[in-house]
Amino acid sequence: MAHQIKDYWQNYIDGKWVDGDAGGRIEIENPATATKLCEIAEARASDVDKAVAAARRAFESRVLSDMRPSARGQLMQDISRHFTEMADEIALAECLDNGKSLAGGKNEALAAARYFSYYGGAADKLEGKMIPLGAGYVDYTIPAPFGVSAQIVPWNFPLQIAARSVACAIATGNTVVLKSPEISPLSVAMLAEACDRAGVPAGCVNVICGYGQDAGAAMVSHNDIDHIVFTGSLATGRSILHAAAERVIPSVMELGGKSAGIVYADADLEQAASSTATGIFSHAGQVCSAQSRLIVHRSVHDEVVDRLAEKAKALTIGPGIDGCDLGPLISAPQRDKVEGFALAGSQSGANAVTGGRRVADLPGHFMQPTVFTGVTPDMTIAQEEIFGPVIAVLPFDDDEEAIQIANGTDFGLVAGVYTKDLDRAHQTADRLTAGQIFVNEWFAGGVETPFGGTKRSGYGREKGQEALLNYVQTKNVAIKLGSGAGGRPGG
Ligand code: NAD
């Protein structure tokens, strides 16, 4: 069956669809077939200038921040409705430019809809407080927007990540310049379309596509941005933080992970194996919170590994559009990188119980689902984010050792525990260094639950009510009533 997607996509600046200033275009590939899919206008520094200027004008006009918060919330509910209406189109785009299944692509659209309805509902519930100063004074706080929020998203879940950040920004009265990932930008262009259809005032949400080292770098070092939300790799996060430091710009950093699930001997082993398979093989492991390490009690090690390997072997590999379980990696370099990690794992003495190589007989960028045993904590495959369907299994003998191994990387995004013992689950959750802990189900949680890293996985939280606090700064208003003489010493 032929699936049509338009040949050329534009950027969205100041409420208009526009080409790049320099007329350049970026070619978008279908990773499942390694063929050209379409083109998108390439934004460069001069386009960034225009987008930031539009966002600045919109912010200074106060069109969002002066709007009654309930009306802002209603506008966001309208955007949400458009995502739902566009779900099939979005699903196809995510399938073709990102390698997801149609169901996975639809989930992106519905998650985006949910973010806008969730934060739309919060737009009129963000309150300041009154601070008692005694007779003759009134003092209160205002959760004030920062201004122009510069947002940069990665390619793995581009739409839902963009949606969670843009929704928070709009709910709190900020305006946005969003850069989509140059490798999978189509669903983010559809975010602009949803905003346009809902009647978001011109300039409040600007969406551009450009290369990271060019448009991305120009955005985060721009003189007229007030706030940065970055979701992506540790290396890029570091370089963005240098730019942010120059102008003392507040930043939310959602970076990588090397997340571990601990399986205690008393766990439901089928549940643990099944949840682990979901944790590592969903979207071919291209998930920041993937369960890329399995730390399993030695007494149940072989049984859990057998069950996991069985599930890996049962996965059908191929294009998501054909309903296969395991889709492609996003690009040839990404596939090469993941395969390189697997080869290095074998060379360092780990044993690929299943997988370990690329899928050579398919045209797209597919990697076999891979389970490594015999892994020691110091190995590269136990330390570095691979971002592919590769899991490192490490045995342990006592609880303390399990926690040490789990906490023994530079990252701390999420972690998990499999056990039937509630005390043990609580105690382990308390000891694990990560922003979110899953008990007995990897990826438990949702739009409502705060998400973000510790250590080199970043800081700040997205999702949940807590995320809104990253998009406002407290302004205090201290009022002296009447015309009495004098004042109190300030602080
Ligand atoms: P990446 O860092 O290569 O790119 C992310 C974005 O940054 C892209 O839009 C890219 O164009 C842009 N960029 C690149 N260089 C830049 C620069 N110098 N200045 C400004 N922008 C620049 O990451 P990726 O490969 O697209 O995504 C995968 C990474 O993202 C993984 O590490 C993954 O764990 C992480 N991630 C984190 C979360 C989270 O919520 N913590 C979610 C998804 C992905």
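Is Asp97 buried or exposed? With a relative accessibility of 0%, Asp97 counts as buried, where buried means under 20% relative accessible area, exposed over 50%, and partly exposed in between (1.4 Å probe, protein chains only).

## Basis of the model

The structure is a predicted model, in which local features need pLDDT of at least 70 and side-chain atom pairs count only at pLDDT 80 or more, while totals for chains, interfaces and linings use all residues. Residues are numbered from 1 along each chain as its sequence is written, and side-chain values use heavy atoms, with hydrogens and water left out.

## Asp97 and its helix

Asp97 belongs to helix α3 (residues 87–98). Helices (H or I, at least four residues) and strands (E, at least two) are DSSP runs, numbered from the N terminus. Along the chain, Asp97 and Ala267 are 170 residues apart, and 39 Å separates their C-alpha atoms.

## The largest pocket

The largest pocket holds about 1200 Å³ of space. Its lining comprises 49 residues, and those closest to the pocket centre are Pro154, Trp155, Gly232, Ser233 and Thr236. A pocket is defined on a 1 Å grid over the protein atoms alone, as an open set of points where a 1.4 Å probe fits, with protein on both sides within 12 Å along at least five of seven lines; lining residues have an atom within 4 Å of a point. Grid points are joined across faces, edges and corners, and the volume is the space filled by probe spheres set on the points.

Several elements each supply at least two residues of this lining: β4 (25–30), α7 (212–220), β10 (227–231), α8 (234–247) and α11 (332–347). By class, the lining has 26 nonpolar, 14 polar and nine charged residues. Here Ala, Val, Leu, Ile, Met, Phe, Trp, Tyr, Cys and Pro count as nonpolar, Asp, Glu, Lys and Arg as charged, and the others, Gly among them, as polar.

## Salt bridges

The whole structure contains 30 salt bridges, each being a side-chain nitrogen of Lys or Arg within 4 Å of a carboxyl oxygen of Asp or Glu. One of them joins the side chains of Arg25 and Glu39 (2.9 Å, N to O). This pair links distant parts of the chain, since Arg25 is in strand β4 and Glu39, 14 residues apart from it, is in strand β5 (residues 35–41). Arg25 counts as partly exposed because its relative accessibility is 43%, whereas Glu39 is buried at 16%.

A salt bridge also connects Asp336 with Arg358 (3.0 Å, N to O). Asp336 lies in helix α11 and Arg358 in the loop between β14 (351–354) and β15 (370–373), so the pair ties together parts that are 22 residues apart in sequence. Asp336 is partly exposed at 37%, and Arg358 is partly exposed at 28%. Glu400 and Arg431 form a further salt bridge (3.1 Å, N to O). Glu400 is in helix α13 (residues 399–407) and Arg431 in helix α14 (residues 422–431), so this pair ties together parts 31 residues apart in sequence. Salt bridges with shared partners also join Arg335, Asp336, Glu339, Arg357 and Arg358 into one network.

## A nonpolar surface patch

Met130, Tyr140 and Ile142 make a nonpolar surface patch of about 280 Å². Such a patch consists of residues with over 30% relative accessible area and no salt bridge, with nonpolar side chains (Val, Leu, Ile, Met, Phe, Trp, Tyr) joined within 5 Å. Accessible areas come from the Shrake-Rupley method with a 1.4 Å probe; for residues, only the protein chains shown count as cover. Met130 is placed in the loop between α4 (102–122) and β6 (137–145), and Met130 counts as exposed because its relative accessibility is 58%.

Methods. Patches are made of residues with over 30% relative accessible area and no salt bridge: like charges are joined within 9 Å, nonpolar side chains (Val, Leu, Ile, Met, Phe, Trp, Tyr) within 5 Å.
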